[in-house]
Amino acid sequence: MGNAISSALTKLGVLTASPLAFLIVVIYAGIWAIVDRESLDLHGVATLATWLMTLLIQRSEHRDTQAIHAKLDELLRVHKDASTDLTKVDNKEPEEIERQRKKK
């Protein structure tokens with residue numbers, strides 16, 4: 001059960017970094033403006049801005065992480081003495097990665 005939740009949270013993090021997440025917030029804002037325009041006041045706009053900024057930060061963090069992974073993967077490929085178990089570490093859950101790091 002715990003692994004399923006961890007896996008789902010990891011997938012959710014990846015999904016929130018996709019352009020589709022921005023589109024969903026924009027569609028939500030449009031529906032909100034049409035259905036209940038009166039409640040879309042300064043607080044509503046601040047809420048939408050917070051969501052968009054959160055997604056923007058998530059996307060930039062995801063991009064940086066992916067770039068680091070690509071660089072490290074390349075270094076592992078060219079270095080003959082590198083441990084081959086590390087090449088697939090990015091497919092593991094964060095808790096598993098921490099346990100592996102503590103072992104070494």
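The legends below describe close-up views of a predicted model.

**View 1. The largest pocket and the residues at its centre.**
The largest pocket has a volume of about 520 Å³. Its lining consists of 16 residues. Those nearest the centre of the pocket are T10, V14, T65, Q66 and D90.

**View 2. Helices that line the largest pocket.**
Of the elements, α3 gives the most, with 6 residues. Sorted by class, the lining of this pocket has 8 polar, 5 charged and 3 nonpolar residues.

**View 3. The salt bridge between R63 and D64.**
The model has a count of 2 salt bridges, and one of them joins R63 to D64. The closest N and O atoms of this pair are 3.7 Å apart, which is within the 4 Å cut-off for a salt bridge. R63 counts as exposed because its relative accessibility is 54%, and the limit for exposed is over 50%. D64 has a relative accessible area of 36%, so D64 is partly exposed.

**View 4. The salt bridge between R77 and E74.**
R77 forms a salt bridge with E74. Here the closest N and O atoms are 3.3 Å apart. Both residues belong to helix α3. R77 and E74 are 3 residues apart, about one turn of the helix. With a relative accessibility of 62%, R77 counts as exposed. E74 has a relative accessibility of 41% and therefore counts as partly exposed.

**View 5. A nonpolar patch on the surface.**
Seen here is a nonpolar surface patch formed by L20, L23, I24, I27, I31, I34 and V35. Together these residues have about 740 Å² of accessible area. One of the patch residues, I24, lies in helix α2, which spans residues 19-35. I24 counts as exposed because its relative accessibility is 51%, and exposed means over 50%.

Terms used
Residues are numbered from 1 along each chain as its sequence is written. This is a predicted model: local features need pLDDT of at least 70, side-chain atom pairs count only at pLDDT 80 or more; totals for chains, interfaces and linings use all residues. Side-chain values use heavy atoms; hydrogens and water are left out. On a 1 Å grid over the protein atoms alone, a cavity is a set of points where a 1.4 Å probe fits but cannot get out, and a pocket is an open set with protein on both sides within 12 Å along at least five of seven lines; lining residues have an atom within 4 Å of a point. Grid points are joined across faces, edges and corners, and a volume is the space filled by probe spheres set on the points. Helices (H or I, at least four residues) and strands (E, at least two) are DSSP runs, numbered from the N terminus. Ala, Val, Leu, Ile, Met, Phe, Trp, Tyr, Cys and Pro count as nonpolar, Asp, Glu, Lys and Arg as charged, and the others, Gly among them, as polar. A salt bridge is a side-chain nitrogen of Lys or Arg within 4 Å of a carboxyl oxygen of Asp or Glu. Buried means under 20% relative accessible area, exposed over 50%, partly exposed in between (1.4 Å probe, protein chains only). Patches are made of residues with over 30% relative accessible area and no salt bridge: like charges are joined within 9 Å, nonpolar side chains (Val, Leu, Ile, Met, Phe, Trp, Tyr) within 5 Å. Accessible areas come from the Shrake-Rupley method with a 1.4 Å probe; for residues, only the protein chains shown count as cover.
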